[in-house]
Amino acid sequence: MKKHEIIFSIIKIPLDFLIIYYSFYIARNLREINDFLPWLHLQTQNIENQYLIWFALFWAFLQLLIFFIHWLYSIKISNSKIKEILDIIQYSIYGFLFFSIFAYFWKWVFYKVEIPRLVILFTFLLSMICIIFQRILLNNFQKLLLDYKIIEKRKMLLINNKFDEEITNILKDIKKANIYKIVWYLNKTQIENTKYKYLWDASDIEKTYNENKIDEILYIDSDFTSKEQYSLWDFSRILWLRYRYITNWFDVTKTNTIITLLNKIPVMEIKNTPIDAWARVIKRAIDLFLSIFLIILFIPLFLIVWILIKLEDPKWPIIYKNRR
C-alpha cells in the first residue's frame, strides 16, 4: 500500500469525528432559531453545553465505530465514489437509529436530561451531508495530486499473453480509474507492438519489485501452466503484492477470494493474508510501541550482556545481523 493511501485514510477519522461532534452544537443553535418545519410550531427546547458534550462525544464515537466496522476507512483507494457516498448515507442512518434508541430508551438510566428530537434529526442531516462533502473534497484533492504526479500511482504488473481489442479496452478502462500505472507485463514469450515493458520470468518480478516497488498484479491471460500460475500467485504472497484476476482459472483458491472493482471491471482478488490494510497499520504501531517499551525495560540486561561479550572477545559484534 502507498503511504499517501494510509495518510488519506487516517485523516478521515479525525475529520469525521469533528464533523459529527460540532454538528451537535450547530444543530442545537439552529433549533434555538427555528424548528424549520413550516407546518408545525414546536416549543423551543434547549440543552446546555455541559450535557450536550456527552451526547456529541457518544454519537461521534458510535458513528466512527459503525463506519470502521463497515470498511469506510479502508486504506485501499476506492474506485466507486458513488458507492462510498451511498455507504455513508446508509451507515449514517444506522448511527442515527442507534443513537435515537439510546437517547429515548435509556433515559433515567444513564442520564436525566432530555435532548430535543429535532436536535438529533438536524445533527444527523448536517453530519451526513458534511461527511459526504468532505469525502468529495478529499477524493478530488487526492486525484489532483495523482494527476500532477505529486503522489505516486499504484504500479501494476500484467500477466498477459495478448493485446487484442478486448484486452486493450480492459486496459483503457483501468487507466480511466486514474490511480493505476500499468508498466510491465509477464508472459512466456514477448509480444510485439506493445508499449509495456516485458519481464522474462517470475524471478524478474522480485528484481522489479525491489527496484520499482510493484504494488499489484493483474492476471488476464497467459501461456503459463496451472502449476506456474500457482507459483506466480505464491510469489506474490511472499512479496505481499495485491493479486487480482479477471479469468476463472484459479480453481484451487476459491476460498479467500473477494470481488473487487478495477474502475468498472469486476475482478477476483486473492487475499494474501488476513493481516491487511488497517490490521497491518495497527500491528506496525503495536510493534513499535511494544519494542520501545521492551528495549527500555531490558537496557540493564543488554548492558550486562554487552560487557560479557566484550570481555570474552573485544572483536565480536554486539548485535548479530542475518537476513532471513
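Visitor: At roughly what angle do the axes of α3 and helix α4 cross?
Guide: This is a predicted model, in which local features need pLDDT of at least 70, side-chain atom pairs count only at pLDDT 80 or more, and totals for chains, interfaces and linings use all residues. Residues are numbered from 1 along each chain as its sequence is written, and side-chain values use heavy atoms, leaving out hydrogens and water. Helices are DSSP runs of H or I with at least four residues, and strands are E runs of at least two, numbered from the N terminus. The axes, lines fitted to C-alpha atoms over the stretch in contact, with angles from 0 to 180 degrees between N-to-C directions, come within 10 Å for α3 and α4 (residues 117-147), and they cross at roughly 155°.

Visitor: Are α3 and α4 roughly parallel or roughly antiparallel?
Guide: Angles under 35 degrees count as roughly parallel, over 145 as roughly antiparallel, 65 to 115 as roughly perpendicular and the rest as oblique. The axes cross at roughly 155°, and therefore α3 and α4 are roughly antiparallel.

Visitor: Where does W71 lie?
Guide: W71 has a positive phi of about 65° although it is not a glycine, whereas most residues other than glycine have a negative phi. Its place is the loop between α2 (49-69) and α3 (81-105).

Visitor: Is W240 buried, partly exposed or exposed?
Guide: W240, in the loop between α7 (226-238) and β5 (242-245), also has a positive phi, of about 60°. Buried means under 20% relative accessible area, exposed over 50%, and partly exposed in between, with a 1.4 Å probe and protein chains only. Because its relative accessibility is 41%, W240 counts as partly exposed.
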